[in-house]
Amino acid sequence: MASVLWFQGGACSGNTMSFLNAEEPSVCDLVTDFGLDVIWHPSLGVEFGNKAQQLFRDCASGKRPVDIFVYEGTVMLGPNGSGRYDMFADRPMKDWVIELANAAQFVVAIGDCACWGGIPATTPNPTDSVGLQYLKRDQGGFLGANWRSKGGLPVINIPGCPAHPDWITQIIVAIASGRLGDIALDELQRPQTFFKSFTQTGCTRVQFFEYKQSPPSFGQGTRTGCLFYEYGCRGPMTHSPCNRILWNRQSSKTRAGMPCTGCTEPEFPFYDLAPGTVFKTQKISGTIPKDIPTGTDPISYMALAAAARIAAPDWSKEDMFVV
Ligand code: SF4
Ligand code: SF4
């Protein structure tokens, strides 16, 4: 029976909320079908006060073995490296994190904040927040680039703001059932099974992307037009399965008319949320998108876009999903 200990640092609890909504498998399935032993979780743990502290000390010392240490939220180093902006169970959270990460067989970072700092680490980063093994795209973070868990792996990063519930539970099941060897990690330590394809893979608007057609205005055309050209959609540059593994088994941002904001990439939030950069495609000379689809170059992109616009059929300018 694999054991899981889950801690929350500089976090909004969004990943916990997401985790509790999991369906394939659900949190109950993890316990009843996969025999997971949840040692403690901020929303599920029953110990508090001295009992909780003793439990955490037992986990850190190895008296209570921890197979999977899950961390949600940033590690706060401030002020002045003391970590005292985030006190937990009578000591800086960062002191618990280093001991528990070293005691566990595997460490999983859930959500952008734990992976690479996320929104709290956005300039000016007042809490000196870092991710477990990254600060934005720079390797290192709190544990250092060369850190490895007892099981021989770096931190497994499951980013997102929040991460999709099924990405979380499926990776926990893979570890708990000894199938972690089947899961390749990409260069940012994300499981490739989820993060090799793009948000655009499976998006229902791809045919409008092909012919360079936008919706008439933001929030209009929930079923027609592509959000890349005017509304800042990062679907062609963002590694996520959001249009393959749907949210609530129903939909995705782009299907609902909302641009992908690239929340599974270390640079999220892009442009540090400067005014005018959200839901608006940033352009050079007012025409060429600053960020173009991954794998292409500006000249090829411009040639393709010009040809696509000329070749666009009439139907691509209309709402075809009429009832
Ligand atoms: S809406 Fe976004 S994800 Fe969908 S096709 Fe357009 S750019 Fe790609
Ligand atoms: S669609 Fe984009 S912003 Fe939304 S959850 Fe997926 S990766 Fe994140």
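Buried residues make up 41% of the 323 residues in the protein chain of this predicted model. The chain contains 9 helices and 13 strands. Its radius of gyration is 21 Å, close to the 20 Å that the globule rule gives for 323 residues, so the chain is as compact as a globular protein of that length. The C-alpha trace spans about 70 × 45 × 30 Å along its principal axes. Among contacts with a separation of 6 or more, 67% are made by residues 24 or more positions apart.

Helix α3 covers residues 49-61. At 1.5 Å a residue, its 13 residues should span 18 Å, and the 19 Å between its end C-alpha atoms agrees with this. F56, C59 and A60 are the buried residues of α3. They cover an arc of only 100° around the axis, which puts them on the same side of the helix. N50, K51 and S61 are exposed on the other side. The cover over the buried residues of α3 includes β1 (3-8), β2 (37-40) and α4 (93-103). Just after α3, G62 adopts a positive phi of about 95°.

Helix α6 spans residues 165-176. From its first C-alpha to its last, α6 reaches 17 Å, close to the 16 Å expected for its 12 residues at 1.5 Å a residue. Of these 12 residues, 9 are buried, so α6 is largely enclosed by the rest of the structure. The buried set consists of P165, D166, W167, I168, T169, I171, I172, I175 and A176. The loop between β11 (156-158) and α6 holds P162. A cis peptide bond joins C161 to P162, with omega about 5°.

A cis peptide bond also joins E24 and P25. Here omega is about -5°. P25 sits in the loop between α1 (14-20) and α2 (27-32).

Positive phi values also occur in residues other than glycine. Phi of D90 is near 75°. D90 lies in the loop between β5 (87-88) and β6 (91-92). It has 10 C-beta neighbours inside 10 Å and therefore counts as exposed. Phi of S285 is near 55°. S285 belongs to the loop between β12 (283-284) and β13 (288-289). With 5 C-beta neighbours inside 10 Å, S285 counts as exposed.

Q200 occupies the loop between α7 (192-195) and α8 (206-210). This residue counts as buried because it has 24 C-beta neighbours inside 10 Å. Beyond its neighbours within four places in sequence, Q200 contacts V206, G235 and P236. C113 is 87 residues away from Q200 along the chain, and their C-alpha atoms are separated by 24 Å.

Two ligand surroundings were examined. Around ligand 1 there are 14 residues, of which C203, C226, F228, C233 and G235 come nearest. This shell has 9 nonpolar, 4 polar and 1 charged residues. The residues around ligand 2 are G160, T199, T238, S240, C242, S252, K253, C260, T261, G262, C263 and T264. By class, the shell of ligand 2 has 3 nonpolar, 8 polar and 1 charged residues.

Definitions and conventions
Residues numbered from 1 in each chain as written. Chains lettered and ligands numbered in written order. Predicted model: local features only at pLDDT ≥ 70, side-chain atom pairs only at ≥ 80, totals over all residues. Near = placed C-beta within 6 Å. Nonpolar A, V, L, I, M, F, W, Y, C, P; charged D, E, K, R; others polar. Helix = DSSP H or I, 4+ residues; strand = E, 2+ residues; numbered from the N terminus. Expected span 1.5 Å × (residues − 1). Buried ≥ 20, exposed ≤ 12 C-beta atoms within 10 Å, placed from the backbone. Arc of directions from axis to C-beta. Contact = placed C-beta atoms within 7 Å. Rg over C-alpha atoms; globule rule 2.2 N^0.38 Å.
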